[in-house]
Amino acid sequence: MALANMLLLTSLAVLAGLTMTCCLCLERRQVRRTIDEYDRRLRSVAPYLGVAALFFLAKRGTHEQSVKLSKAIDWDITAEIYAVEGEFVAHLQDIVPQQATLEFFSVMYMFGFPFLLVTAPILYFALSSQRHLKELLIAYVFNYVIGAICYTLFIAYGPRNHLSTVNGLMYSFYPQTQDMTAAVSANTDVFPSLHTSLAVVVLLFAWRSRREYPRWLPIASFVAASVVFSTMYLGIHWLLDVVAGIVLGVGSVYAAERIVARAEGDDRVTVPGERDEGIASDASD
């Protein structure tokens with residue numbers, strides 16, 4: 001029952017955020033045009049949606065086998081992570097006023113993260129060119145592929161599980177949230193932080209689409225920064241997990257652009273953030 005309630009609450013929160021963001025970022029004529037061109041756009045992006053859907057289904061179906069394989073490999077890197085960064089997360093919790101921030105960062109971790117993942121594809125589907133959406137979907141897949149490999153190879157426990165000086169704040173004050181997180185990941189799925197990497201992916205795309213969606217950039221920046229910080233403040237991830245997540249996020253956007261360019265027969269490849277006009281004026285999808 002607790003899991004069902006959390007799923008319902010998350011869905012409602014994401015829907016509310018999505019609705020408000022679309023009202024702020026989309027024009028009426030853009031919405032009408034999207035409805036008119038729905039079939040064409042869907043056909044254009046269908047192969048990428050198919051690849052993403054197949055991977056996520058396969059990942060979900062092999063989750064238990066992956067956990068068993070990880071235990072069989074038994075490569076625990078928690079002590080090595082702690083040796084590098086020490087008590088950073090504990091010090092972070094000490095200096096941030098808990099009473100004023102716990103609820104906010106718990107909301108960002110639980111609801112802000114799925115809000116970013118859902119809202120970005122909706123916004124990019126509303127653009128005349130589907131290039132952003134195609135690259136975003138491939139970047140999502142790339143993140144989860146690398147994440148699945150790392151979570152299988154490495155066993156890593158978060159600060160809240162390894163250090164007595166770190167409090168698992170969200171799980172202590174809102175224990176019902178643990179049912180939902182446990183349903184989608186194991187407590188050893190720590191290195192790298194996919195909350196960080198995927199938030200960075202959405203932020204990079206928001207930067208690249210800042211001319212099409214100027215209001216989306218500050219929204220994505222605020223939520224992404226809050227999500228990344230919350231992963232450490234709540235005792236779920238180490239600083240090194242976050243650093244690795246940032247590297248993965250940037251690398252996945254770089255790789256996605258090249259993969260889509262090759263698939264579309266387009267050799268024009270640029271650094272993220274430098275192709276705003278190119279996407280907006282790209283005649284092909």
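Predicted model: local features only at pLDDT ≥ 70, side-chain atom pairs only at ≥ 80, totals over all residues.
**Entry: salt bridges**

I counted the salt bridges and got seven. I then went through several of them.

I looked at Glu37 and Arg33. They form a salt bridge, with the closest N and O atoms 3.1 Å apart. Glu37 is buried, at 18% relative accessible area. Arg33 is partly exposed, at 44%.

**Entry: helix 8**

I turned to Glu135 and Arg131. Their side chains form a salt bridge, 3.2 Å from N to O. I noted that both Glu135 and Arg131 are buried. They sit four residues apart in helix 8, so about one helical turn separates them.

Next I checked Lys134. Its side chain meets that of Glu264 in a salt bridge, 3.3 Å from N to O. Lys134 lies in helix 8, and Glu264 in the loop between helix 14 (239-263) and helix 15 (276-281), so this pair ties together parts 130 residues apart in sequence. I looked up accessibility for both partners. Lys134 is buried, with a relative accessible area of 2%. Glu264 is partly exposed, at 33%.

**Entry: nonpolar patch**

Which residues form the nonpolar patch on the surface? I found Leu69, Ile73, Trp75, Ile149 and Leu153, with about 450 Å² of accessible area together. Helix 4 (63-73) and helix 8 (131-153) are the elements that each give two or more residues to the patch. I checked one member, Leu153, which lies in helix 8. At 34% relative accessibility, Leu153 is partly exposed. That is over the 30% a patch residue needs.

Technical notes
Residues numbered from 1 in each chain as written. Heavy atoms only, no water. Patch = residues over 30% accessible without salt bridge, like charges linked within 9 Å, V, L, I, M, F, W, Y side chains within 5 Å. Areas by Shrake-Rupley, 256 points an atom, 1.4 Å probe, with all protein chains shown as cover. Salt bridge = Lys/Arg side-chain N within 4 Å of Asp/Glu carboxyl O. Buried < 20%, exposed > 50% of the residue type's maximum accessible area, 1.4 Å probe, protein only.
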